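This briefing looks at strand pairing and at the surroundings of selected residues in a predicted model. Please keep the sequence and the structure at hand while reading.

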Amino acid sequence: LVFMENNITDAIGPGVIILGGTPLFVGNVVRGNASTGIRLLSPKANPVLAKNTVQGHNEFGVDVRDGGRGFFSGNMLFGNNVNLCVQTWGNPIFEANVIRKATRTGIL
């Protein structure tokens, strides 16, 4: 799956949940979803996310948990309650991302 230059906004829950596979997300705007922008929930979740903007979420901009992996490069995470949260065996790789101006915590 390939997702390029989409606007994913205003969901009443997470904007994107990835449970498995290796989807490619490039140049998307994920903004203003009620809880989390992007959530990876399984060791089978191994996406590539590049040059995305993740902004303005009440919980997490990006949440990687339950063994979620993924490669994140050149993304902008800002203005979320917590910009990046890695928990319960999450194992992502982050390279050259901009993580700034969280309302609570930059990286948890």
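Two strands are taken to pair if DSSP finds at least two bridges between them.

**Strand β9 and its partners**
- Strand β6 (residues 38-40) pairs with β9 in the parallel sense over three bridges, and within this pairing R39 stands opposite D63 of β9.
- Strand β12 (residues 82-86) also pairs with β9 in the parallel sense, here over four bridges, and L84 in β12 is the bridge partner of V62.
- Because five of the five residues of strand β9 (residues 60-64) are buried, this strand is largely enclosed by the rest of the structure.

**The five-stranded open sheet**
- An open sheet is formed by five strands in the order β2-β5-β8-β11-β14, with parallel pairing; its edge strands, β2 (7-9) and β14 (98-100), each pair on one side only, and the twist averages 5° from one strand to the next.

**The setting of S73**
- S73 lies in strand β10 (residues 71-73) and counts as buried because its relative accessible area is 18%, where the cut-off for buried is under 20%.
- The side chain of S73 reaches the backbone oxygen of E95 at 3.5 Å, and, leaving aside residues up to four places away in sequence, S73 touches L49, A50, K51, E95 and N97.

Methods: Residues are numbered from 1 along each chain as its sequence is written. This is a predicted model: local features need pLDDT of at least 70, side-chain atom pairs count only at pLDDT 80 or more; totals for chains, interfaces and linings use all residues. Side-chain values use heavy atoms; hydrogens and water are left out. Helices (H or I, at least four residues) and strands (E, at least two) are DSSP runs, numbered from the N terminus. Axes are lines fitted to C-alpha atoms, for helices over the stretch in contact, and angles run from 0 to 180 degrees between N-to-C directions. Buried means under 20% relative accessible area, exposed over 50%, partly exposed in between (1.4 Å probe, protein chains only). A polar contact is a pair of N or O atoms within 3.5 Å; within protein, one must be able to donate a hydrogen and the other to accept it, and residues adjacent in sequence count only if both atoms are side-chain atoms. Contact means heavy atoms within 4.5 Å.
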